[in-house]
Amino acid sequence: MSLSIRYTRGFLLDLKRRLSFVQRAHDLLEMKRDQEIRELRSAIDRLRDLRAVLEKKAEEVLRDLAMLQAVYGSQEIISASMLMDERIEIEVLPRNVMGVNVPIIKIVKMPEVKGRYPLHVEGLAEKVRGLLEDLLRVAEVEAFVELVAEDLRKTSIRVNALEKVIIPSYEATIRKIGEVVEQSALEDFIRVKLVKRALERRRGSERA
């Protein structure tokens, strides 16, 4: 904290108001940090579950693909893949979570599978289609985790800076100014008393 310190009661009151504002900011950031931790934990659990499902489906797709290649040959699978003439269409929309913009992936269009492939390939194509949808969901949650984790890191740095540096600095300065102001007030009080007594003695001697 860099301040031009003045040892006056007015400056002391102003400093106390600033400290109150900084403490409120600290409390809000602390609440944000705690909420981000909760959101992050929930998202990590969700991501773990999604990845487990994705891995299982990927294993099924690879197993079915290996079986088809063994029965029909690689060229048959390659020829069937050439029949796909549509693309996946998605929109990435922003969502604000505690001041952090995270992406929401909206699937606009997925390639149609039924009736487009030979029957022995259609089942595999359906599974690949579902796998792609799961991949997008995983990508969405992964982006959420990365972005919120980075903001949590920054928020924690701010909270620690306020907690360990800025607020203690304000409090120390307030104590120092308060001591000086009190000492000055005491000295003024004593000075007034001495002057008052001197005046009273002078008046008494003048009457005599």
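Predicted model: local features only at pLDDT ≥ 70, side-chain atom pairs only at ≥ 80, totals over all residues.
Residues are numbered from 1 along each chain as its sequence is written, and side-chain values rest on heavy atoms, with hydrogens and water left out.

The protein chain contains 3 helices and 2 strands, arranged along the sequence in the pattern α-α-β-β-α. Helices (H or I, at least four residues) and strands (E, at least two) are DSSP runs numbered from the N terminus. Of the 208 residues in the protein chain, 25% are buried. Here, buried means under 20% relative accessible area, exposed means over 50%, and partly exposed covers the range in between (1.4 Å probe, protein chains only).

Strand β1 (residues 89-97) and strand β2 (residues 100-109) run antiparallel and are joined by 9 bridges; two strands are taken to pair if DSSP finds at least two bridges between them. Val 97 stands opposite Val 100 in β2, and 2 residues separate the strands of the hairpin. Met 98 lies in the loop between β1 and β2. Most residues other than glycine have a negative phi. Met 98 counts as partly exposed because its relative accessible area is 24%.

Attention now turns to charged side chains. Side chains of opposite charge can pair when their charged atoms come close. A salt bridge is defined here as a side-chain nitrogen of Lys or Arg within 4 Å of a carboxyl oxygen of Asp or Glu, and the whole structure holds 12 of these salt bridges. One of them joins the side chains of Asp 151 and Lys 32, with an N to O distance of 3.1 Å. This pair links distant parts of the chain, since Asp 151 belongs to helix α3 and Lys 32 to helix α1 (residues 9-72), 119 residues apart. Asp 151 is buried because its relative accessibility is 15%, while Lys 32, at 23%, is partly exposed.

Another salt bridge connects Asp 34 with Arg 33, where the closest N and O atoms are 3.6 Å apart. Asp 34 is partly exposed at 32% relative accessibility, and Arg 33 is buried at 18%. In the pair formed by Arg 129 and Glu 133, the closest N and O atoms are 3.5 Å apart. Because Arg 129 and Glu 133 are 4 residues apart in helix α3, about one helical turn separates them. Both are partly exposed, Arg 129 at 23% relative accessibility and Glu 133 at 27%. Elsewhere, salt bridges that share partners join Asp 14, Arg 17 and Arg 18 into one network.

Finally, a surface patch of positive charge gathers Lys 193, Lys 196, Arg 197 and Arg 201. Such patches are made of residues with over 30% relative accessible area and no salt bridge, like charges being joined within 9 Å and nonpolar side chains (Val, Leu, Ile, Met, Phe, Trp, Tyr) within 5 Å.

How values were computed
Areas by Shrake-Rupley, 256 points an atom, 1.4 Å probe, with all protein chains shown as cover. Lys, Arg positive; Asp, Glu negative; His and termini not counted. Charge placed at Lys NZ, Arg CZ, Asp CG, Glu CD.
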